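Subject: Structure for you to look at

Hi,

Here is the structure I promised to pass on. My notes on what I found in it follow below.

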Amino acid sequence: MLAAILFDLDGTIVNTDPIHFQAWQKMLLSYDLQIDEIFYKSRISGGLNPEIIKDILPQLSVAEGEKFADEKEALFRQLAPHLQPLSGFAELIAWTKTHQLKRALVTNAPRQNAKFMLEVLGITEAFHTIVLADDCIAGKPDPEPYQVALNKLGITAEQAIALEDSPSGIRSAVGAGIRTIGIASTHEPQALQQVGTFMAISDFTDLHLWKFLNSLIQAS
């Protein structure tokens, strides 16, 4: 029986990747690093800032890395005052309310960014629980964030569906035993299915999504 839907934030509820790409691109120019979208998708998208910075700027100390990350995220927020959710998101939230399903947000986004995006999108009150990587010992792709969300909601993995856009997030949700739908806003559908999604959709208006969700409600 379906009891909850667990949402990622960046790239799933709202397509922020073009803005993150722009911010990373601008920040890395000061280190004579020019990145393209292929580099961004393979080395940055869906990752945690400390790990990303350790990988691509290994010369920075921990303190310098933290300062870089703070400046990059401040730039992201400066560039993103007019975010809009993916098509069909409001309808999906309304549907979960109609069927009395729980909703959780599970994100690697830094706390300030998550708060900023939820406020800009007007969905601060949309979730029963919010799990940030900052609240966990390990962030995505480790399964812990999704395991924490399941525990907070008081449900099993079999009672949940996860919505994710990145290979990192998909590995996290699938690793926690949750059936996962890929949102192909930042990666090709085939790439999402290769890491464990059973379905890949472009946004929340996809008829395959609605047919599947309604079949779960009817089955219960």
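Asn49 sits in helix α3, which covers residues 49-56; helices (H or I, at least four residues) and strands (E, at least two) are DSSP runs, numbered from the N terminus. Before I go further: this is a predicted model, in which local features need pLDDT of at least 70 and side-chain atom pairs count only at pLDDT 80 or more, while totals for chains, interfaces and linings use all residues. Residues are numbered from 1 along each chain as its sequence is written, and side-chain values use heavy atoms, with hydrogens and water left out.

Asn49 counts as buried because its relative accessibility is 13% (buried is under 20% relative accessible area, exposed over 50%, partly exposed in between, with a 1.4 Å probe and protein chains only). Its side chain makes a polar contact of 2.7 Å with the side chain of Glu73. By polar contact I mean a pair of N or O atoms within 3.5 Å; within protein, one must be able to donate a hydrogen and the other to accept it, and residues adjacent in sequence count only if both atoms are side-chain atoms. Leaving aside neighbours within four places in sequence, Asn49 is in contact (heavy atoms within 4.5 Å) with Trp24, Ala69, Glu73 and Pro110.

**Backbone points to check**

- Lys140 and Pro141 are joined by a cis peptide bond, with omega about 15°; Pro141 lies in the loop between β3 (129-132) and α7 (144-153).
- Asp32, not a glycine, has a positive phi of about 55°. Asp32 is in the loop between α1 (17-29) and α2 (37-43), and it counts as exposed because its relative accessibility is 72%.
- Gln100, also a residue other than glycine, has a positive phi near 55°. Gln100 is in the loop between α5 (89-98) and β2 (102-107) and is exposed, with a relative accessible area of 72%.

**Helix α10**

Which residues of α10 are buried? They are Leu209, Trp210, Phe212, Leu213 and Leu216. These cover an arc of only 165° around the axis, so they lie on the same side of α10; the arc is that of the directions from the helix axis to the C-beta atoms. What covers them includes β1 (4-7), α5, β4 (160-164), β5 (179-183) and β6 (199-201). On the other side of α10, Leu207, His208, Lys211, Gln218 and Ala219 are exposed. At the start of α10, a side-chain oxygen of Asp206 comes within 2.7 Å of the backbone nitrogen of His208.

Best wishes
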